[in-house]
Amino acid sequence: MMDIYDCIIIGGGASGMMASIFSAKNGYNTLLLEHNEKLGKKLYITGKGRCNLTNNSSIENHLQNIVTNSKFMYSALYNFPPNKVMEFFSDAGLRLKTERGNRVFPSSDKSSDVINTLIDQMYNYSVKYELNTAVERVEKIDKIFYIYCRNGIIYTTYRLIVASGGVSYSGTGATKIGYDIARHFGHNIIRPKSALCPIVLKEHTVALNGLSLKNVRLTIILNNGKEFSEFGELLFTYTSLSGPIALALSSEINKYSLNNAIARIDFKPALSYEELDIKFQKEFKTFAKKDLRNYIKTLLPNKFCEYFFVRTGLKNEKLADLTKENRQHIINLLKKFDFSIKSLDNINVGIVTSGGVDVKEINSKTCESKLVENLYFIGEVLDVDALTGGYNLQIAWSTAYLAGNNLKG
Ligand SMILES: Cc1cc2nc3c(=O)[nH]c(=O)nc-3n(C[C@H](O)[C@H](O)[C@H](O)COP(=O)(O)OP(=O)(O)OC[C@H]3O[C@@H](n4cnc5c(N)ncnc54)[C@H](O)[C@@H]3O)c2cc1C
């Protein structure tokens, strides 16, 4: 007769490791299954290798930064809020620091220290784990879950926590096993989509690759008239818009059709049309002999200036020769420089997956399935996603806490 574990967790990422600690701390004989050769492979690359593990701000701020199903996260965040997460890691011996935007990192700037802290805690509470163990399917007969692995082993447990993550960044081990298990037990899956990903353009932007624009406003205008807007830093790649404001907007627009959608850049968001016109009238007189190209270079980065002239077909005239219409046309271009959106980038490129297990069928106070007793879903496998800033890992920790502390029997 094989051992029947009190609790098995599928996935040794952020949420799985955290849940295993609480499960074992509560006295459950706990086994964690991970198909990679090591734990926390995605965690390792978070925050550019530094791991922005939470945001040291209010629960309300976290809720505001959750793009999909923030209400579902209310209970999880109240039970294991950011300050408790920080306390958890500090008590476990990890020194933390808070940076710009309340982003929390390990003082060492090494994500491996976060992973090692979790592994130490798993060891302290006697969590067992198996690496190189890919779960292929699960079934439940009477009260027991049977977990079938690719290596032929079948594990059994009374309580199952699915922490297998989203489907983006497959190189870190992401698979759709969590969705398959959920579907098997009758759960609805909200179609997975890219979130926090670049916005691919129809125009060629090869010449702009690597260009970063600070303090601009990016507005996405959808075919149905809806508009989404962010102010901050924008980055051009060969084919797309990236950087903080494009990534943030991608998470907001991924629920809509992007047919005929426009990405509009305002290069001078601090100045109104009227203020720009007054400035231009004055400067066109003062620098009357200057040519337009040199003048535009004072307003836009050199790299964009070249692109600006090619795209708009503007002539390089002396400022003195420009008419009122020319001036207003230039202002219009600076306030409304449009690109056509082709699509969002591939789901594999998205920092997080939007979509997943439908939270309507999950108890928000425990993360237990409303359809199957003793089955829990936590972390990114759920249809919950947030903006950058440590909010996504906070979702992983808080949902893990709920499941690990609400196992029954
Ligand atoms: C480049 C990048 C940077 C990021 N930076 C940040 C950041 O700084 N701050 C932040 O808050 N968020 C960040 N995120 C998001 C964050 O990493 C995720 O939201 C978080 O890791 C989700 O945790 P999880 O436990 O749900 O999933 P994961 O951490 O993805 O863990 C899931 C685990 O399940 C395993 N698994 C999958 N299928 C199977 C199977 N069949 N059998 C066994 N095991 C399986 C996987 O190998 C994986 O280890 C970043 C994401 C990326 C891609």
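## Overall make-up

The protein chain has 13 helices and 22 strands, where helices (H or I, at least four residues) and strands (E, at least two) are DSSP runs numbered from the N terminus. This is a predicted model, in which local features need pLDDT of at least 70 and side-chain atom pairs count only at pLDDT 80 or more, while totals for chains, interfaces and linings use all residues. Residues are numbered from 1 along each chain as its sequence is written.

Along its principal axes, the C-alpha trace spans about 90 × 40 × 35 Å. Of the 409 residues in the chain, 44% are buried. A residue is buried if 20 or more other C-beta atoms lie within 10 Å of its own, exposed if 12 or fewer, and partly exposed in between, with C-beta atoms placed from the backbone. Now for contacts: two residues are in contact if their C-beta atoms, placed from the backbone, lie within 7 Å. Take the contacts between residues at least 6 apart in sequence, and 75% of them join residues at least 24 apart.

## Around the ligand

There are 38 residues around the ligand, and Gly11, Gly13, Gly165, Gly173 and Gly379 come nearest. Being near here means that a residue's C-beta atom, placed from the backbone, lies within 6 Å of the molecule. Helix 1, helix 2 (41-45) and helix 13 (391-405) are the elements that give two or more residues to this shell.

What kinds of residues make up the shell around the ligand? It divides into 17 nonpolar, 17 polar and four charged. For that tally, Ala, Val, Leu, Ile, Met, Phe, Trp, Tyr, Cys and Pro count as nonpolar, Asp, Glu, Lys and Arg as charged, and the others, Gly among them, as polar.

## Helix 1 and its two partners

Let's start with helix 13. Helix 1 and helix 13 pack at an angle of about 30°, with their axes 8 Å apart. Axes are lines fitted to C-alpha atoms, for helices over the stretch in contact, and angles run from 0 to 180 degrees between N-to-C directions. The two helices are therefore roughly parallel to each other; angles under 35 degrees count as roughly parallel, over 145 as roughly antiparallel, 65 to 115 as roughly perpendicular and the rest as oblique. Their crossing is right-handed. A crossing gets that label if the near helix is turned clockwise from the far one by less than a right angle, and is left-handed if anticlockwise. On the helix 1 side the contact includes Ala14, Ser15 and Phe22, and on the helix 13 side Leu393, Trp397 and Tyr401 are among the residues met. The residues of this contact divide into 11 nonpolar, five polar and no charged.

Helix 1 (residues 14-25) also packs with helix 6 (residues 111-124), at an angle of about 25° and with the axes 9 Å apart. That makes helix 1 roughly parallel to helix 6, and the crossing of this pair is left-handed. Here Met17, Met18, Ser20 and Ile21 of helix 1 meet Leu118, Gln121 and Met122 of helix 6. The tally for this contact is five nonpolar, two polar and no charged.

## Helix 9 with helix 12

How do helix 9 and helix 12 pack? Helix 9 (residues 273-286) and helix 12 (residues 324-335) pack at an angle of about 130°, with their axes 10 Å apart. That makes helix 9 oblique to helix 12, and helix 9 passes helix 12 in a right-handed crossing. Helix 9 brings Tyr273, Leu276, Asp277, Phe280 and Phe284 to the contact, and helix 12 brings Arg327, Ile331, Leu334 and Lys335. Those residues divide into six nonpolar, no polar and three charged.

## A few single residues

Two asparagines are worth a look. Asn69 has a positive phi of about 60° although it is not a glycine, and it lies in the loop between strand 5 (66-68) and helix 4 (74-79). Asn69 is buried, because 21 other C-beta atoms lie within 10 Å. Asn102 has a positive phi of about 60° too, again without being a glycine. Asn102 is in the loop between strand 6 (96-99) and strand 7 (103-106), and with 15 C-beta neighbours inside 10 Å it counts as partly exposed.

Then there is Glu233, in strand 16 (residues 227-236). Is Glu233 buried or partly exposed? With 16 other C-beta atoms within 10 Å, Glu233 is partly exposed. Leaving out residues up to four places away in sequence, Glu233 touches Ser212, Leu213, Lys214, Gly243, Pro244 and Ile245.
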